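Hi,

Here is the structure I promised to pass on. Have a look at it first, and my notes follow below.

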Number of protein chains: 2
Amino acid sequence: MKVIKFGGSSLASGKQLEKVFQIVLSDPERKVVVVSAPGKRFAEDTKVTDLLIECAEQCLQNQNPTEKLEAVMERYSAIAEECHLPDGVIKDIFDDLVKRFAGDKSKPDRYIDLIKASGEDNNAKLVAAYFRERGVETTYVDPKEAGLLVSADPGNAQALPEAYERLFSLRERQGILIFPGFFGYSEEGEVFTFSRSGSDITGSILANALNADLYENFTDVDAVYSVNPSIVKKPKEIKELTYREMRELSYAGFSVLHDEALVPAFRAGIPVQIKNTNNPSAPGTRIVYERDNTNGPVIGIASDQGFCSIYVSKYLMNREIGFGRKLLGILEDFGLSYEHTPSGIDDVSVILRENQLDDKIEAAIIQRIKTELHADEVKIEHSLALIMVVGEGMRHNVGTMARASKALARTSVNIEMINQGSSEVSMMFGVKEVDEKRAVQAIYEEFFAAVTV
Amino acid sequence: MKVIKFGGSSLASGKQLEKVFQIVLSDPERKVVVVSAPGKRFAEDTKVTDLLIECAEQCLQNQNPTEKLEAVMERYSAIAEECHLPDGVIKDIFDDLVKRFAGDKSKPDRYIDLIKASGEDNNAKLVAAYFRERGVETTYVDPKEAGLLVSADPGNAQALPEAYERLFSLRERQGILIFPGFFGYSEEGEVFTFSRSGSDITGSILANALNADLYENFTDVDAVYSVNPSIVKKPKEIKELTYREMRELSYAGFSVLHDEALVPAFRAGIPVQIKNTNNPSAPGTRIVYERDNTNGPVIGIASDQGFCSIYVSKYLMNREIGFGRKLLGILEDFGLSYEHTPSGIDDVSVILRENQLDDKIEAAIIQRIKTELHADEVKIEHSLALIMVVGEGMRHNVGTMARASKALARTSVNIEMINQGSSEVSMMFGVKEVDEKRAVQAIYEEFFAAVTV
């Protein structure tokens, strides 16, 4: 039995719905279908979820949301018309939205979650109606009734352990089940959504809970690429990679799947298959627990800009028990999360995303580190890019670092920092943002020039 | 004006004392002479400080220390005899020791400090007597009277800020001043020693306090070597290096100078000159604030064994604000100090000296990390060696990492981890202990084969 999830662009129009229908029907193992809200039909289009958030915000400010509501309804109506669905489907969606809009506004975060979640919920009803119209036994599943219990964190809910037990009984149901992605219900029966793009998470939870053989995630790319296609033209596609590799690659350029979405599948050891709704015959990318390392040490290269480094030096720092803990504690007080902490004997740099900082926060951090930790020097360097070179094969392959760093030297990129943990599934290079593109191209050239991944 | 410090082997015999005398007299700028206790005359010899510690421990256990005391007195007597010093010198030392032995034993740590410190204190009196015998105006300086105030931490005292002001007046005194190293006095007037080999610290404090032009540290090697001579035969000598380079090299194999000893000189910007008592015409090594980078990116390679890594992995770790701080907090609870924390996205390794651990502590640490941080995996890897490749020149030299890692690859050494901070004055490689020697030799070969440092 397979759990199969379709993203927003796969459900953006009647034409797309027909593709989805064909894909689901082509394999009798495809039983549970998780759907997103209708996404973009073309580059300038607006996602239904974004329209819904605007509606919710207008309602909260006591403005009239009619215009945006009409835009939402137009999306559903266009699909229903294209698919010749009975009128009742659209009326039910409209009634549902009007009811939600009139909901309790005393907790704005929860109100937004309630409205947002309607995108997936109503789309699931619509997709189920379409499948039934085509003569296939299909049921819409209400996450509340099915038992998808989540924590009461608006916009960042987590599935509760009991949810997995309750959802298992879905296996007994007949026909195809259409399950709305992105949200669940708290123990008090209120709607809470996962973080953005959370339909991936719903699919993974269901794959785990139902002990599926495979979790198929249909999106709009043929495969996970070995490098960002905007940096290297026509990069190699990755046929198979491990959860850990996928995770390490999840720096920008590899946001095919929601980070958190791998967790439930990973814990249950269920493989995840990335496929393209618009080209279902392409083999796609399979994410597995272990893979053979037959294709060289490196499987992919991810990179992202927008990092900075907080450099702290203090003579005899490494004798001072508690220094690192106190430093990280100060950053924690500012609510900052960091990526890496490369260090010398008397200095440490904390690498973090610079969008978390502004001039005021920077000054306050420098001040606290200087006065509380008596650091000799504290300085912040901006505009860094991080490059992750990823592959399980590195572990047993002497010379990977030599090849990568030589490639950077050849193209005259100065390495600002390097961090390679003992997992050895990745190595990180910090370079100046202006050098990012050149650096990634050079590393790609070194490892992929003559290799089939 | 120069502060000049002599180590234990430079003061181990009358013959050595004569060398010291000639060295001091050969330069009229050499005014303040800091002395250690008599050290080893030959490889199997015992240092006076070690004999004194044994005495102190015997006294504390109410055993008779006569035998050890005689061994101590024999050392002083041999020197006095060789130098034809008046009998009173030895009698004064004996009386001092007897008085110290009868001291307050209620606080054993302080008692040990009191006895230990006599090695330097009495040797300073003896050296001053020798200089006077040779017709040179010379005074023994009592650190108490001179104002070397320290914190009341037995075996790990730190100079108090007031000490620097008080010591300044030593500049006014006539003649050569012989100052005992290794200890000072608390505000209550009790003796407290610095950490072992702390005479280096005394010299540095005096150089800072007296605003010396140079701090000369005479020991028994011609220079700081670019690599451990037990790993590479006849390695290049380093003529000049910065405080930061010296500090990064202070992993084993470079313990020419006490770590803490650089701090006071560094803060006052006073250069430190390492020289050889047994070969004073050798230029030695100068430690400075800044140096020209004319000799390639790498100035030295240090390495040491006996490290382990605590590897912790947890899916989505880097989203969890506070994870790193809590992990370091657990290690702090066990009183552990760590060296580096290389990391991936979902894993972090803490590198520390394994002599801090035993099976019981390891099990307790793993248990706490698993239960408190809900880590997916915690494992400890033993028998690692760290190699520090050091040089200010690396900062502006593209390709240093490529050269170093290629050298390791050529000799088939697998790099377990890499850590290069944003200071870029060093890079660290973690390798298995069995690979250490080969790895260091390969890196040395790469950077020093054809270079004069």
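An open sheet of 12 strands with antiparallel pairing runs in the order β14(A)-β15(A)-β13(A)-β16(A)-β18(A)-β17(A)-β17(B)-β18(B)-β16(B)-β13(B)-β15(B)-β14(B). Its edge strands, β14 (338-340) of chain A and β14 (338-340) of chain B, each pair on one side only, and the twist averages 35 degrees from one strand to the next. Strands (E, at least two residues) and helices (H or I, at least four) are DSSP runs numbered from the N terminus; two strands pair if DSSP finds at least two bridges between them.

This is a predicted model, with local features needing pLDDT of at least 70, side-chain atom pairs counting only at pLDDT 80 or more, and totals for chains, interfaces and linings using all residues. Residues are numbered from 1 along each chain as its sequence is written, chains are lettered from A and ligands numbered from 1 in written order, and side-chain values use heavy atoms, without hydrogens and water.

Within chain B, β13 (300-313) and β16 (377-390) pair in the antiparallel sense over 11 bridges, and B:V312 stands opposite B:V378 in β16(B).

After α13(B) comes B:S412, with a positive phi near 60 degrees.

Finally, 100% of the interface residues of chain A are also interface residues in chain B, so the copies meet through the same surface.

Best wishes

Key: Contact = heavy atoms within 4.5 Å. Axes fitted to C-alpha atoms, helices over the stretch in contact; angles between N-to-C directions.
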